[in-house]
Amino acid sequence: MLGLLVAGTTIASAADPLVSRGRAVTASSVEGSGFEAGRAVDGSTSTRWASEEGHDPEWISVDLGSAHTISKVKLSWEAAYARSYRVQTSPDGSAWTDVFTTSTGNGATDDLTVSGSGRYVRVYGTARGTTYGYSLWEFEVYGVGDGTPPTTTLTTTPPSTGLGYPFGSRQTPYAAGILRPSGSTSTLDAAIVEYYKKWKAAFVKQNCGNGWYEIISPDADHPYVAEAQGYGMVITAQMAGADPDARKIFDGLLKYKLAHPSVNNPDLLAAGQDASCKSVSGSDSATDGDMDTAYGLLLADRQWGSTGTYNYKQLAVKNVNAIKKSLINPNTNLLLMGDWSNSGNSRQYYGSRSSDWMSDHFRAFRKATGDSAWDTIRTRHQDLIATLQSKYASSTGLLPDFVQDTNSTAKPAVGEMLEEAATDGKYWYNACRDPWRIGADAALTGDTRSLAAARKMNSWIKSKTGGDPNRIAVGYSLNGTQIDSGSDAAFFAPFAVSATTDPGSQAWLDALWNKMLNTPVDTNTYFGASIQLQVMITVSGNHWIP
């Protein structure tokens, strides 16, 4: 039966009407201008959608506007066809059900009888039939609506022609068993959009002219720091579709980055600028900022393509290669703290900051460059996480802000490594991001090592607080002893991401989500507000690896 269907034999009834023509459509990627996803549902056999060449998997999804019973899907392939693919339906654009699968596709026209229901229908290609990408002249869905008047996408996620990943589309499935806060996706997304608007009003600025946008950092050492610009680039690329100005802001942030190169490597960003946006303190780099600017550029490439004012992909690859050259210790394959670090200072050269260890970023860098060194780098950091948790935080899973002696027996920093002697070896204002960074990789990929590390932290903090997020302290020793009182989004929000990795933590996750909803944006701290916004994006299912 599958073979007949793929060969193009028409078995489906043509009684049901065509319901996909002109509807909102999104795709995992676009080859370039003129090949946007909407061209596959425009009724013209001379226009087509085409994905990025040479990459699996890729997909295209149409929003029918309301729930439909689906009886037929007709796919008119261009020469770049799918050898293996699935046709899937979904009620919400998040959870997908297969209604057809094949591994013997041969192109031409596939006229498929299916039986399913949903508002969204997706063609999910897992193996290309050529060396190119996937390309459809037309993607037609036939069926009958449930009587509900069709609507466009949610008001929080308006259709955005040409976008690869409009906010709210949840086109990258998370690993099996990953939780999200209770409630409808539209309710979750509306809360995120509201928080984003307040974050944007507080921290996204144009204070220095030149067409630049800057993320202001009132709680940092300088008015503008690389870490904040990196956060801004990642956030705006992910919020495209909810914010019509997202690309304009992203390009302004990118222009600012390019105008403030590190003195040591021009493809990295200088760590800090003064109120006049002039680089200060040596004009060298900070690793966390560069990790996120590179990741943000890769998100932008997948979101908007690279044929506009800036070639995001080209700039991303330069940024990634600069990180490898100037921010990776070649002897340990571990991240340095900045491009200022060299073998002349053995202590800092063999030190590293745990909040920089972003496995999802390493995966994106590997994919963008094809450089297998990033697999080695990711594995080395995961090895170190496991060792530190086992030897120094067996009951808590907490990691220190900084480690030392990575060339021999790595351990939590003793005394000052970079910031404060009293806390550099503890779970403080750097390591507080670890449950988010490690949890994000676990949630999206299901990586067993990331899952184990995230679940260890989640199990401890849930028990430590009795399931009450209000009891999450500001900082801990690695044995779980509280450092300071009070409540800070930088500390409580990241634990929501680790909570998503534990199937038994739904009530805990909901409590953390409600804690975030009840915590207003603090306009005096870009740090906590930016972390909470990115956590909300991640736990709601809206994060993706480019």
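Strands E4 and E5 form a hairpin with 6 residues between them, and Gly 93 in the turn has a positive phi of about 75°. Helices (H or I, at least four residues) and strands (E, at least two) are DSSP runs, numbered from the N terminus. The structure is a predicted model, in which local features need pLDDT of at least 70 and side-chain atom pairs count only at pLDDT 80 or more, while totals for chains, interfaces and linings use all residues. Residues are numbered from 1 along each chain as its sequence is written, and side-chain values use heavy atoms, with hydrogens and water left out.

Two strands are said to pair if DSSP finds at least two bridges between them. E4 and E5 (residues 97-102) pair in the antiparallel sense over 5 bridges, and Tyr 85 stands opposite Thr 102 in E5. E4 is also joined to strand E6 (residues 109-128), by 8 bridges, and these two strands run antiparallel. The bridge partner of Gln 88 in E6 is Arg 122. Because 7 of the 9 residues of E4 (residues 82-90) are buried, this strand is largely enclosed by the rest of the structure. Buried means under 20% relative accessible area, exposed over 50%, and partly exposed in between (1.4 Å probe, protein chains only).

Helix H8 (residues 359-369) has as its buried residues Ser 359, Asp 360, His 361, Phe 362, Ala 364, Phe 365 and Ala 368. An α-helix has 3.6 residues a turn, so residues three or four places apart point the same way. The elements that cover the buried residues of H8 include helix H5 (287-304), helix H6 (312-327), strand E13 (334-335), helix H9 (373-392), helix H10 (434-445) and helix H11 (448-465). After H8 comes Gly 370, with a positive phi near 70°.

Grid points are joined across faces, edges and corners, and a volume is the space filled by probe spheres set on the points. In the residue classes, Ala, Val, Leu, Ile, Met, Phe, Trp, Tyr, Cys and Pro count as nonpolar, Asp, Glu, Lys and Arg as charged, and the others, Gly among them, as polar.

A search of the whole structure finds 3 cavities of 30 Å³ or more. The largest cavity holds about 90 Å³ of space. Its lining includes Asp 360 and His 361, together with Tyr 295, Trp 436 and Arg 437. At least two lining residues of this cavity come from each of helix H3 (226-239), H8, H10 and helix H15 (526-539), and H10 gives the largest share, 3 residues. By class, the lining of the largest cavity has 4 nonpolar, 5 polar and 2 charged residues. The second largest cavity has a volume of about 70 Å³. Of the 13 residues that line the second largest cavity, Pro 166, Ser 169, Arg 170, Asn 542 and Trp 544 are the closest to its centre. The lining of the second largest cavity divides into 4 nonpolar, 8 polar and 1 charged.

The largest pocket contains about 870 Å³ of space. It is lined by 29 residues, of which Ala 220, Asp 221, Val 225, Arg 353 and Glu 419 are the closest to its centre. H3 and H15 each supply at least two residues of this lining, which has 13 nonpolar, 6 polar and 10 charged residues. In the second largest pocket there is about 500 Å³ of space. Among its 19 lining residues, the closest to the centre are Pro 57, Thr 172, Lys 367, Leu 444 and Ile 545. H8 and H10 each supply at least two residues of the lining of the second largest pocket.

The protein averages a pLDDT of 92, and 95% of the residues score at least 70; pLDDT is the predictor's confidence in each residue, from 0 to 100. Over residues 1-14 the pLDDT stays under 50, and the model has 33 contacts (heavy atoms within 4.5 Å) beyond four places in sequence for this stretch.

Notes
1 Å grid on protein atoms, 1.4 Å probe; cavity = no way out; pocket = protein on both sides within 12 Å on 5 of 7 lines; lining within 4 Å.
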